[in-house]
Amino acid sequence: LRSHPRLVDVLFACLMALMALADLSTGGVDEGAREPDSLGVILVVVGAAALVWRRVAPVVVMAFVVAISSVFYGLDYDSFMAPVGLAALYAVVAHEKNRRVAWIALGIGCVVLFSVAGFTVLDGIDGFRRSDGLGMTLSIGATVIAGAVIHNKEEIFADTKARAERAEANRKAEAEQAVTRERLRIAREM
């Protein structure tokens, strides 16, 4: 699978789409909430399809998924599109090379998601659904922590690999210098 990363990305996007569609179809429809329909399915599939590019352009994918999720929430579906949104947030933390851009984009994305969700899917007939808000907060927090751990692990691995390559290059250079010195010594003796 490592030799076919695009295939892995496509399969991952399909899995996230299936999970989000399952959530959409099995969610208990609150009074006043929109019934699952073809528009909801299209929004989920389009949002999940963007995940194919999550390693290449994580910030763009997250912005697109946040926009799709905002439309989804604004249309009052009784679902969170959580698998797709969490995968996009994770991608920014784990794959964006520019850490400053990653954290700024993540902050903006989370503020937008919480704002839109707070006025739509979290605002039920009985008032603000604190348990769903807490669940959303914990899910996003766990996703961010997982992404940061993976990013740091990859940085450590890359740094270790670079050090090993430098050490090997230094060892080869020293060996070549030793051979050259020995040849010069033999040439002087002759």
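This is a predicted model: local features need pLDDT of at least 70, side-chain atom pairs count only at pLDDT 80 or more; totals for chains, interfaces and linings use all residues.
Residues are numbered from 1 along each chain as its sequence is written, and side-chain values use heavy atoms, with hydrogens and water left out.

**Helix H2 with helix H3**

- Helix H2 covers residues 38-49 and helix H3 covers residues 58-74; helices (H or I, at least four residues) and strands (E, at least two) are DSSP runs, numbered from the N terminus.
- The axes of H2 and H3 come within 9 Å and cross at roughly 170 degrees; axes are lines fitted to C-alpha atoms, for helices over the stretch in contact, and angles run from 0 to 180 degrees between N-to-C directions.
- H2 passes H3 in a left-handed crossing; a crossing is left-handed if the near helix is turned anticlockwise from the far one by less than a right angle, and right-handed if clockwise.
- On the H2 side, the contact (heavy atoms within 4.5 Å) is made by Gly40, Leu43, Val44, Val46 and Gly47, and on the H3 side by Phe64, Val65, Ile68, Val71 and Phe72.
- This contact of H2 with H3 has 8 nonpolar, 2 polar and no charged residues; Ala, Val, Leu, Ile, Met, Phe, Trp, Tyr, Cys and Pro count as nonpolar, Asp, Glu, Lys and Arg as charged, and the others, Gly among them, as polar.

**Helix H3 with helix H4**

- The axes of H3 and H4 come within 8 Å and cross at roughly 155 degrees, so H3 and H4 are roughly antiparallel to each other.
- H3 contributes Pro58, Val59, Met62 and Val65 to the contact, while H4 contributes Val84, Gly85, Ala88, Leu89, Ala91, Val92 and His95.
- The residues of this contact divide into 9 nonpolar, 2 polar and no charged.

**Helix H4 with helix H5**

- H4 and H5 pack at an angle of about 160 degrees, with their axes 9 Å apart, and are therefore roughly antiparallel to each other.
- The crossing of H4 and H5 is left-handed.
- Leu89, Val92 and Val93 in H4 meet Arg99, Ala102, Trp103, Leu106, Cys110 and Leu113 in H5.
- By class, that contact has 8 nonpolar, no polar and 1 charged residues.

**The nonpolar core**

- The largest nonpolar core has 37 residues; such a core is a set of buried Ala, Val, Leu, Ile, Met, Phe, Trp, Tyr and Cys residues joined through side-chain atoms within 4.5 Å.
- Those with the most contacts inside this core are Leu51, Met62, Phe72, Val84, Leu89 and Met136.
- H3 gives the most to this core, with 7 residues.
- Methionine 62 touches Ala88, Leu89, Val92, Ala105, Leu106 and Gly109, not counting residues up to four places away in sequence.

- Histidine 95 lies in helix H4 (residues 82-95) and is buried, with a relative accessible area of 17%; buried means under 20% relative accessible area, exposed over 50%, partly exposed in between (1.4 Å probe, protein chains only).
- Leaving aside its neighbours within four places in sequence, histidine 95 is in contact with Arg54, Arg55, Pro58 and Tyr90.
- Aspartate 9, placed in helix H1, is buried, with a relative accessible area of 3%.
- Apart from its neighbours within four places in sequence, aspartate 9 is in contact with Val52, Arg54 and Arg55.

Terms used. Angles under 35 degrees count as roughly parallel, over 145 as roughly antiparallel, 65 to 115 as roughly perpendicular and the rest as oblique.
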